[in-house]
Amino acid sequence: MEYLSNLTDAQAIVSTLGLIGILSVIFAESGLFFGFFLPGDSLLFTAGLFASQGHLSLTGLLIGGTIAAIVGDSVGYAFGKKAGPRLFSREDSLLFHKKHAIRAKNFYDKYGTKTIVIARFVPVVRTFAPIVAGIGNMPYKTFLTYNIIGGVTWIFSVSLAGYFLGTLFPGIKDHLEAIILGIIFLSILPVIIEFIREKRKSKATIVPLE
């Protein structure tokens with residue numbers, strides 16, 4: 001259990017596993033369905049912060065992270081194309097929950113090809129979006145284009161946010177836990193907002209009995 005806890009702790013991953021560990025987590029969270037529980041945004045922010053203190057190579061983080069994110073999504077796409085609709089009839093297990101795949105499908109139905117970019121900033125959906133794209137037979141050239149755009153945007157924006165904040169405010173590292181909690185909240189905020197909107201829509205469509 002302690003090992004699993006370390007895998008979900010962004011600071012532990014950065015400080016103990018280094019760049020290789022960071023890239024491995026980014027790869028797994030980007031397209032392997034069992035990677036949905038791994039940290040993404042908080043890991044990149046923390047890695048950028050460590051890079052600002054000279055503990056990590058910023059160039060290695062940006063380039064390696066981008067490659068890991070793009071390749072991870074491509075693997076997820078290939079898995080979805082092979083697994084097909086069977087994924088939605090799969091029984092829930094410790095490492096798979098059908099509701100996550102359904103949430104990604106709803107996201108995909110709403111935003112189309114742009115989902116591959118937007119989902120990069122939404123936990124869980126980020127993991128299942130490329131799988132759903134594969135299931136939906138999105139043309140691979142189209143998928144790859146959005147995959148590259150999303151991968152570059154996500155890795156650079158979140159990592160550089162941590163790097164520049166760490167450079168401007170060196171003492172920020174002492175408040176890392178609070179910052180990570182804030183990042184987690186901001187990352188799930190779109191999901192909360194979408195949930196509230198759907199609730200309001202469902203209430204608005206209810207016809208009152210006369």
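Ser159 is buried, with a relative accessible area of 0%; buried here means under 20% relative accessible area, exposed means over 50%, and partly exposed lies in between (1.4 Å probe, protein chains only). This serine is found in helix 8, which covers residues 140–168. Its side chain has a polar atom 2.8 Å from the backbone oxygen of Ile155. A polar contact is a pair of N or O atoms within 3.5 Å; within protein, one must be able to donate a hydrogen and the other to accept it, and residues adjacent in sequence count only if both atoms are side-chain atoms. Leaving aside neighbours within four places in sequence, Ser159 is in contact (heavy atoms within 4.5 Å) with Leu44, Gly48, Leu61 and Leu62.

A word on the model itself. It is predicted, and local features need pLDDT of at least 70, side-chain atom pairs count only at pLDDT 80 or more, while totals for chains, interfaces and linings use all residues. Residues are numbered from 1 along each chain as its sequence is written, and side-chain values use heavy atoms, with hydrogens and water left out.

## The chain as a whole

The protein chain has nine helices and zero strands. Helices (H or I, at least four residues) and strands (E, at least two) are DSSP runs, numbered from the N terminus. Of the 210 residues in the protein chain, 44% are buried. Among contacts with a separation of 6 or more, 79% join residues 24 or more positions apart. The protein chain exposes about 11300 Å², and carbon and sulfur atoms supply 67% of that area; accessible areas come from the Shrake-Rupley method with a 1.4 Å probe, and for residues only the protein chains shown count as cover.

## Salt bridges

How many salt bridges are there? The count comes to four, taking a salt bridge as a side-chain nitrogen of Lys or Arg within 4 Å of a carboxyl oxygen of Asp or Glu. Here are some of them, with their N to O distances.

| Pair | N to O distance |
|---|---|
| Arg126 and Asp41 | 3.3 Å |
| Arg120 and Asp73 | 3.2 Å |
| Lys105 and Asp109 | 3.0 Å |

Let us take the pairs in turn, beginning with the salt bridge between Arg126 and Asp41. Arg126 lies in helix 7 (residues 125–135) and Asp41 in helix 3 (residues 41–52), so the pair ties together parts that are 85 residues apart in sequence. Both Arg126 and Asp41 are buried. Together with Glu29, Asp41 and Arg126 are linked in a network of salt bridges.

Next comes the salt bridge of Arg120 with Asp73. This pair links distant parts of the chain, with Arg120 in the loop between helix 6 (115–118) and helix 7, and Asp73 in helix 4, 47 residues apart. Arg120 is buried at a relative accessible area of 1%, and Asp73 is buried at 2%. What else does Arg120 touch? Not counting residues up to four places away in sequence, its partners include Ser30, Asp41, Ala69, Ile70, Arg126, Asn147, Gly150, Gly151 and Trp154. Asp41 and Arg126, which are on that list, are also the two that meet in a salt bridge of their own.

Being four residues apart in helix 5 (residues 98–111), Lys105 and Asp109 are separated by about one helical turn. Lys105 counts as partly exposed, at 35% relative accessibility.

## Along helix 4

Just after helix 4, Gly84 takes a positive phi of about 65 degrees.

Ile63, Ile67, Val71 and Val75 make a nonpolar surface patch of about 320 Å². Patches are made of residues with over 30% relative accessible area and no salt bridge: like charges are joined within 9 Å, and nonpolar side chains (Val, Leu, Ile, Met, Phe, Trp, Tyr) within 5 Å. Val75, found in helix 4, counts as partly exposed at 33% relative accessibility.

Phe79 also has its place in helix 4 and is partly exposed, at 30% relative accessibility. The C-alpha atoms of Phe79 and Leu32 are separated by 8.3 Å, with the two residues 47 residues apart along the chain.
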